[in-house]
Amino acid sequence: MIKTLALPYKASTLPFANVRVFNQLKAKGAKMELSITQPDDWHLHLRDGDLLEAVISHSAFHFGRGIVMPNLKPPIKTTAAAVAYRESILNALPANSDFIPLMTLYLTDTTTPEEIKLARESGVVYAVKLYPAGATTNSQDGVTDLFGKCLPVLEEMVKHNMPLLVHGEVTDPEVDIFDRERVFIDTVLRPLIQKFPQLKVVMEHVTTADAVRFVESCSEGFVAATVTPQHLVLNRNSLFQGGLQPHNYCLPVLKRETHRQAIVSAVTSGSKRFFLGTDSAPHERRKKECSCGCAGIYNALVALSLYAKVFEEAGALDKLEAFTSFNGPDFYGLPRNTSKIKLIKSRWKVPESLSYASGFEPRIKADWELGDHSGGCVRKIPLQCENRENDKFSVVPNTHFPENSESITVGNIDECELACLRNCSCSAYAFDNRCLIWRGCLFNLQELSSDDKSGRDLHVRVAASQLVGTEAKAKAKRNTSLIVFGAVCVFFCFFGSVLVFLWRKRQRDTAGLHYNEVEGFGDQELDAASFTCEEDMNWVRQGIDGTIVDETIGPLEASAEAQFEDDEEMI
Ligand SMILES: NC(=O)N[C@@H](CC(=O)O)C(=O)O
């Protein structure tokens, strides 16, 4: 199954986007290069399964460590679950990556003080996350009684110097969504800090001037805040610009421009209370583009570039490194990273979409990531036709059937399935009063959007081990869509012409939002909304060999046009 990371946001619509600084430096013949200590990401959603595999390299390329959010399905509520999750993250890391996942526990009304002790002793859990129940994605199991049932746990956290990471929004539907952070500060956070002045608290993804003032008013070293790139570069207009923009929807929701400016001033002031936390939050595309789209913006690929851009625009590049690389570890009492990375001003345009495969992988990964899907994809786990028991079928709902079907005469769906199993070249079947089978590649298979109910179920043949591959996680059943997600791809080979046609059509349909080239797989694609940096000079991480590299998209053109000779001036 091929999925796509959508990158819909045009930096050209940023309120402050310009290339003035670049042009001035260029005119001086300056070398535009930043050398900063390896940054960390103090708020990161990596998900699990195929999605984890798809996104991990973006974070691992840019960041040394990441505080990994626990809001999986089911949430990471225990140290044992955190240890297992950490293992799967480490397994998904690209070879030679030394990225360190710092695990968190999901606080519930029933979390015990013993669990906090275990977490601290584990050496892998670094914080506990407070989601008010219902506040955001996968927060249903969150806290409903912070000042009651959670008190013993909070006391234990103080004892172990375990930070509490807070999604700072009330969930009362009576409270206007734009006021939820402010009301949370008054009704929850302030009383919490008064009650537990020794508790380390990180107010996550602050979005308002109120939050900035609040954090600044608290004791340094005990209360801090993370800031996302989206809340630094977007205001709430971005949600409605030219139509509803689901890819700019995250929680806490974007606020008005004055709030954005307050956050920019806070982070660029050099205050130690604010540090980098991307809140990079990938979602299946269909879960964003539907009648009830979920919250979260995927930004791991571009976050660092955007932060650098914000600091540059504020004339505060000298403060960037503390924000990205010092304030976070200092707050957590962890050592700062020792290695350096280079950001180079380069003519870099973030690709409009990023495709990845699940269950299947592109035949030629580099081509695929550059948008050339003509090589098609191959199974990660081959079918074992000789032993039919080893093959299974995964249902892809609501599809517009691929081309080249063959009709065969059988009585019911079971016979249709058996007929497909008996035929080694059969890659899928469908039964809808008659039995259709497909051999080999599935050409132009399209899964329709959730709003279009005209499609029919396609049963795609996959290796049984692939279905159990994710440890048959009890969740396999619950999470049919994930299986579907992983199983769909069966041999589908797209011809360039089909792709181009569909891609263009998609571009028309989405009126300025730039989605995947792999048209027709809408319901199975990952939506991982992010920003498209302007096709001008952007701060881009430099690879080891001096090229401008993003692991996912291969070496990019390194610009020799602008060079800023004196590193020291920049940090
Ligand atoms: N930021 C979001 O809008 N979504 C996050 C959860 C969160 O951090 O609120 C997610 O997990 O998708």
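A disulfide here is a pair of cysteine sulfur atoms within 2.5 Å. Keep that cut-off in mind, and keep in mind that this is a predicted model.

Let me start with the disulfides. By that rule, the count comes to two. I will take one of them, the link between Cys416 and Cys435, whose sulfur atoms are 1.9 Å apart. The angle about its S-S bond is 80°, and the link is right-handed.

Now the ligand. Where does it sit? The ligand is in the largest cavity. How many residues surround it? There are 15, and the closest are Asn71, Thr136, Leu251, Asp279 and His283. By type, this shell divides into nine polar residues, four nonpolar and two charged.

Some contacts can be given with distances, each to an oxygen atom of the ligand. His283, already named among the closest residues, has a polar side-chain atom 2.7 Å from a ligand oxygen. For His45, a polar side-chain atom lies 3.2 Å from an oxygen atom of the ligand. Ala295 takes part through its backbone: one of its N or O atoms is 3.1 Å from a ligand oxygen. As for cover, the ligand on its own has 310 Å² of accessible area, and the protein covers 100% of that.

To recap: the ligand sits in the largest cavity with 15 residues around it, and Cys416 and Cys435 form a disulfide. That is all from me.

Definitions and conventions: Residues numbered from 1 in each chain as written. Predicted model: local features only at pLDDT ≥ 70, side-chain atom pairs only at ≥ 80, totals over all residues. Heavy atoms only, no water. Near = heavy atom within 4 Å. Polar contact = N/O pair within 3.5 Å; in protein donor to acceptor, adjacent residues only side chain to side chain. Areas by Shrake-Rupley, 256 points an atom, 1.4 Å probe, with all protein chains shown as cover. 1 Å grid on protein atoms, 1.4 Å probe; cavity = no way out; pocket = protein on both sides within 12 Å on 5 of 7 lines; lining within 4 Å. Sits in = over half its atoms within 2 Å of the grid points. Nonpolar A, V, L, I, M, F, W, Y, C, P; charged D, E, K, R; others polar.
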